[in-house]
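Student: I have a structure to go through. Can we take it step by step, starting with a sheet?

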Amino acid sequence: MRVVGVLVLPGSRMFDLSVVAEVWGVDRTDSGVGPFELRVCAPGRAATPVAPLGVVPATHGLAGLRDCDLVVVPGREDPFAPVPASAVRALRSTTGAVAALCSGAFTLAAAGLLDGREATTHWRLLDDLTRAAPRAEVLRDVLYTDGGEVFTSAGVVGGLDLCLHLVRRAHGADVAAALARRLVMPPAREGGQRQYVEPPLRGNAPRAGLSSTVDWAVARLASPIGVAELAAHAGMSERTFHRAFLAATGSTPGRWLRAQRVLLARRLLETTDLPVHRVAERSGLGTPANLRRRLRDELGVAPDAYRRTFRVPTAS
């Protein structure tokens, strides 16, 4: 994987292009990384406006992609913008591997390169990618996918994770680790992209009885309340409450209660220095073991790792 081509289309994301330039466009042979040939390929070999600002000059036209060992497709400001037919033909005719960064997966979808393959993209666009590539298996909690010949990544920095993976795959773990050190990042991040998804806001149930019960429960998450207590507060039988709650929120009362406790645990890990056992108690998850299990199930990471990533610094 020595010759790398990057496909530049109008509106390509500057960050993704910078990632490609940092990984394959900088001479780091003194660190055992490279050398690489980086081709910047655009329709008509034209200088191309990129987002959010700037113009990128091309070194090659689209024909320059054909014999590359790797073709990298950045995301675009508008991932739903039409892909030029010439770019589709070029992607289909390349003889090397193809990797999409972030919303670049939509460009691969337009070229039919995701059919029958695993794929991912930025978490905000996962549902859109499912519609754009109905024959792909869209994975919602990975930083990148490795299909052997076609690769995709999660959003923004997930593209850098994929690029390091590609270097590691082609040139070995030592080379990738050396490059990661130069980039001041871990060779591989822990967990998937679920931990970066914005926690959903608690919706208000449409019925006054349910809304007041929701508020009552959120204020008492540390207490040993369950579905029976929720139903009693709402003045309903458990069966009636279960049916009404599911219709109002799209979730069963038990799943909702667990999700609220995990959200509270996340906030405590982000904003306090409470030890893990106290976070477990305050969030109603009970024990450190249960907290770890729930975070692993929900986010793919342990409490300490989550805290290191998202802890909000306090003002001195």
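Student: What is the strand order in the open sheet of three strands with mixed pairing?

Tutor: This is a predicted model, where local features need pLDDT of at least 70, side-chain atom pairs count only at pLDDT 80 or more, and totals for chains, interfaces and linings use all residues. Residues are numbered from 1 along each chain as its sequence is written, and side-chain values use heavy atoms, with hydrogens and water left out. Strands (E, at least two residues) and helices (H or I, at least four) are DSSP runs, numbered from the N terminus; two strands pair if DSSP finds at least two bridges between them. The open sheet of three strands, with mixed pairing, has the order β2-β4-β5.

Student: Which residue in β5 is the bridge partner of T48?

Tutor: Strand β4 covers residues 48–51. Two bridges join β4 to β5, and the two run antiparallel. In β5, the partner of T48 is V56.

Student: What is the angle between the planes of F80 and F106?

Tutor: Rings of Phe, Tyr and Trp (its six-membered ring) pair if their centres lie within 6.5 Å; planes under 30 degrees apart count as stacked, over 60 as edge-to-face and the rest as tilted. The whole structure has three aromatic pairs. F80 and F106 form an edge-to-face pair, 5.4 Å centre to centre, with a plane angle of 80°.

Student: Where do F80 and F106 lie, and how many residues apart are they?

Tutor: F80 is in the loop between β6 (70–73) and α2 (85–93). F106 is in helix α3 (residues 105–110). The pair links distant parts of the chain, and the separation is 26 residues.

Student: Is F245 buried or exposed?

Tutor: Buried means under 20% relative accessible area, exposed over 50%, partly exposed in between (1.4 Å probe, protein chains only). F245 has 2% relative accessibility, so F245 counts as buried.

Student: Which helices does the pair of F245 and W256 tie together?

Tutor: F245 and W256 form an edge-to-face pair, 5.5 Å centre to centre, with 65° between the planes. F245 and W256 are eleven residues apart in sequence. Their helices are α9 (residues 238–249) and α10 (residues 253–271).
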